[in-house]
Amino acid sequence: TNNTFRSQTPSHCFASHVSAMSASATLANPIPGLDALERLLALGGSILGTFAIALPERRPSDALTLAHVRASDRTYKVARWLCRGSDFEVLLRRTPFLCESSEELWAYYETLPLTRRLDQLLALLLTIELLSTARILPRDSFPWTRRALDVYSAAVGIAGVMPRRIFFSLHSWFWAYEHRAALKANGPSMPLPLSTEAAESLGKALESVQRSLGMYLAPQPTAPRSRSNSFAATFLVLSLGAGAAVWFLRSNRFQTLRQTWLSPLSRQEPSSQT
């Protein structure tokens, strides 16, 4: 029974569960129309069980993503050889995919908890001296090997004293090389969602949509006025002023004011004639 239940699809399980619940509910308290709903759910479950949803194929990684993955992996391998692998495992867990320049990569390295460590160097030098004292690896018998060990000891010491600067430089070189190689193999990379290139492309797309719809969110510069437009505006203002003056002269209020102004003059004229 367990194997049969596991082999069923989620839609079949859901339909059978609903059918069992509805059957128990119908036996206890029959509800009209529940039988039709039950059949509809069973039919939907059977239809969904017959169709298989095909997912699209996973697209290949772009050049920027590949460059970050490969550069981080190379930097981590170098850190392991220089006895700092435990400090740089974070490059594999939190790969700086959002970095687009050396400044952003340096800001990422500033967030890493990297401290000076000389214990690996002291342990390496002590091991070399013990091998030399035991005549297992004397300098006179193995000069080239001892020189290689001296160079390796110096590299371990530098990585222990300046880990941030040394591994940032290595990471930058690996990143530049891997990015050029990925561009040759996969073509140009897609801009990131939060990058400046994505913002510029989004702005251009919005401008094109605004132009097609005839809507402009930003104020557009006004064109210089021509003489015909200025003459038409002056003529319109003068016409409105003349119309307002004619309307005021013909109004009753103006006639009343005119009579009040002229009545003292009409009284003074007969007195002057006498």
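The model is predicted, so local features are reported only at pLDDT of at least 70 and side-chain atom pairs only at pLDDT 80 or more, whereas totals for chains, interfaces and linings use all residues. Residues are numbered from 1 along each chain as its sequence is written, and side-chain values use heavy atoms, with hydrogens and water left out.

We start with the overall fold. The chain has 12 helices and 0 strands, where helices (H or I, at least four residues) and strands (E, at least two) are DSSP runs numbered from the N terminus. Of its 274 residues, 21% count as buried; here buried means under 20% relative accessible area, exposed means over 50%, and partly exposed lies in between (1.4 Å probe, protein chains only). The accessible surface of the chain comes to about 21200 Å², and 64% of this surface belongs to carbon and sulfur atoms. These areas come from the Shrake-Rupley method with a 1.4 Å probe, and for residues only the protein chains shown count as cover. Among contacts (heavy atoms within 4.5 Å) between residues at least 6 apart in sequence, 68% join residues at least 24 apart.

The interior comes next. In soluble globular proteins, nonpolar side chains tend to be buried together. A nonpolar core is defined here as a set of buried Ala, Val, Leu, Ile, Met, Phe, Trp, Tyr and Cys residues joined through side-chain atoms within 4.5 Å. The largest such core has 24 residues, and those with the most contacts inside it are Phe-88, Leu-105, Tyr-108, Tyr-109, Leu-112, Phe-167 and Trp-175. At least two residues of this core come from each of H4, helix H5 (90-93), helix H6 (102-110), H7, H8 and H9. H4 gives the most, with 5 residues. Tyr-108 is in contact with Val-90, Leu-91, Arg-94, Pro-96 and Cys-99, leaving aside its neighbours within four places in sequence.

His-68 lies in helix H4 and is buried, with a relative accessible area of 1%. Leaving aside neighbours within four places in sequence, His-68 is in contact with Thr-95, Pro-96, Phe-97, Cys-99 and Trp-175. His-171 is found in helix H9 and is buried, with a relative accessible area of 0%. Not counting residues up to four places away in sequence, His-171 touches Ala-71, Ser-72, Thr-75, Leu-91, Pro-96, Leu-105 and Tyr-109.

H8 has 19 residues and reaches 27 Å from its first C-alpha to its last, close to the 27 Å expected at 1.5 Å a residue; the expected span is 1.5 Å times one less than the number of residues. The buried residues of H8 are Arg-146, Ser-153, Val-156, Gly-157, Ala-159 and Gly-160. They cover an arc of only 160° around the axis, which puts them on the same side of H8, the arc being that of the directions from the helix axis to the C-beta atoms. These buried residues pack against helix H7 (119-133) and helix H9 (163-186). The face of H8 turned away from its buried side carries the exposed residues Trp-144 and Val-151.

The loop between H7 and H8 holds Ile-136, which is exposed, with a relative accessible area of 52%. Ile-136 touches Leu-131 and Phe-142, not counting residues up to four places away in sequence.

Charged pairs complete the picture. The structure holds 9 salt bridges, each a side-chain nitrogen of Lys or Arg within 4 Å of a carboxyl oxygen of Asp or Glu. Lys-77 forms one with Asp-73, the closest N and O atoms being 3.3 Å apart. Lys-77 and Asp-73 are separated by about one helical turn because they are 4 residues apart in helix H4 (residues 63-81). Lys-77 is partly exposed at 47% relative accessible area, and Asp-73 is partly exposed at 28%. The side chains of Arg-117 and Asp-119 also meet in a salt bridge (3.3 Å, N to O); Arg-117 is partly exposed at 25% relative accessibility, and Asp-119 is partly exposed at 43%. This pair belongs to a network of salt bridges that links Arg-84, Asp-87, Arg-117 and Asp-119. A further salt bridge joins Asp-140 to Arg-135, with the closest N and O atoms 3.7 Å apart, and both residues are exposed.
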